[in-house]
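Thanks for coming. I will go through one model, starting with a term and then moving from a single residue out to the whole chain.

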Amino acid sequence: MADPMTQSSQISSSQGFVDGQNSAASAKDSKFSVKELVHWRDPKKSGVVFGTSLLLLLSLAAFSVISVVSYLLLALLCVTISFRIYKSVIQAVQKSNEGHPFKELMEKDVSVPPETFRKHVDACLSHVNRALKHMSRLFLVEDLVDSLKLAVLMWLMTYVGAVFNGITILILADILLFTVPLVYEKNKTQIDHYVEVAHTQINTMISKLQEKLPGAVKRSKVE
């Protein structure tokens with residue numbers, strides 16, 4: 001007969017394995033759903049998400065964040081209050097006793113479980129630490145070529161910032177997010193060819209630049 005402690009440990013390990021599979025499956029589903037949205041697998045759902053996000057960003061471009069949030073909450077309150085009054089009048093006329101129209105929604109648990117909160121915080125923390133480590137490597141010039149790439153990118157971003165503000169860039173990013181994947185999917189062969197040609201030319205230029213930079217010979221010997 002198996003030891004109770006052994007059985008409990010086996011059950012715990014099995015439960016942990018199942019939880020890990022469930023969390024991995026949920027993460028895969030969320031990634032897949034985002035991929036479905038940007039590739040317009042369901043045109044209605046993608047259209048709603050794209051239209052809502054674009055309308056929100058355009059509202060933020062025209063009004064302040066406080067005004068947009070206030071208008072959204074006010075519109076939601078108007079809808080719920082109107083529906084509540086409408087249902088109350090209907091119940092009074094029909095002399096029914098259906099109760100509160102939002103009873104099922106109010107009985108739902110909307111609290112965030114501590115495990116879910118900690119899981120997302122840990123995931124965000126790992127991304128933040130990875131970004132900090134990468135930025136430290138760039139700004140402390142661990143690799144001169146990578147730091148020069150960042151300098152050129154920041155120099156180009158100064159011109160972008162002079163033409164566009166943050167909201168405009170977000171609007172353009174939202175439009176590109178819902179158009180580029182679809183265009184790429186329909187013209188994959190041609191786009192891959194041109195990207196490969198550009199990638200080869202960029203690598204050639206970077207190789208020539210590395211040969212002329214100080215310390216490049218030492219770096220190649222170490223590698």
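When I say contact, I mean heavy atoms within 4.5 Å. This is a predicted model, so to speak of local features I need a pLDDT of at least 70, and side-chain atom pairs count only at pLDDT 80 or more, while totals for chains, interfaces and linings use all residues. Residues are numbered from 1 along each chain as its sequence is written, and side-chain values use heavy atoms, with hydrogens and water left out.

Start with serine 46. Serine 46 sits in helix α2; helices here are DSSP runs of H or I with at least four residues, strands are runs of E with at least two, and both are numbered from the N terminus. What does serine 46 contact, leaving aside its neighbours within four places in sequence? The partners are Glu36, Leu37, Trp40, Arg41 and Phe178. Serine 46 counts as buried because its relative accessible area is 1%. The cut-offs are under 20% for buried and over 50% for exposed, with partly exposed in between, using a 1.4 Å probe and protein chains only.

Next, phenylalanine 50. With neighbours within four places again set aside, phenylalanine 50 touches Trp40, Asp174, Ile175 and Phe178. Phe50 also belongs to the largest nonpolar core, together with Leu54, Leu57, Ile171 and Phe178. A nonpolar core is a set of buried Ala, Val, Leu, Ile, Met, Phe, Trp, Tyr and Cys residues joined through side-chain atoms within 4.5 Å. The largest share, three residues, is from α2.

Now the whole chain. There are nine helices and zero strands. Of the 223 residues, 9% are buried. The protein exposes about 18300 Å², of which carbon and sulfur atoms supply 68%; that area is from the Shrake-Rupley method with a 1.4 Å probe, and for residues only the protein chains shown count as cover. Taking contacts between residues at least 6 apart in sequence, 51% join residues at least 24 apart.

Last, confidence. pLDDT is the predictor's confidence in each residue, from 0 to 100. The average is 79, and 81% of the residues score at least 70.
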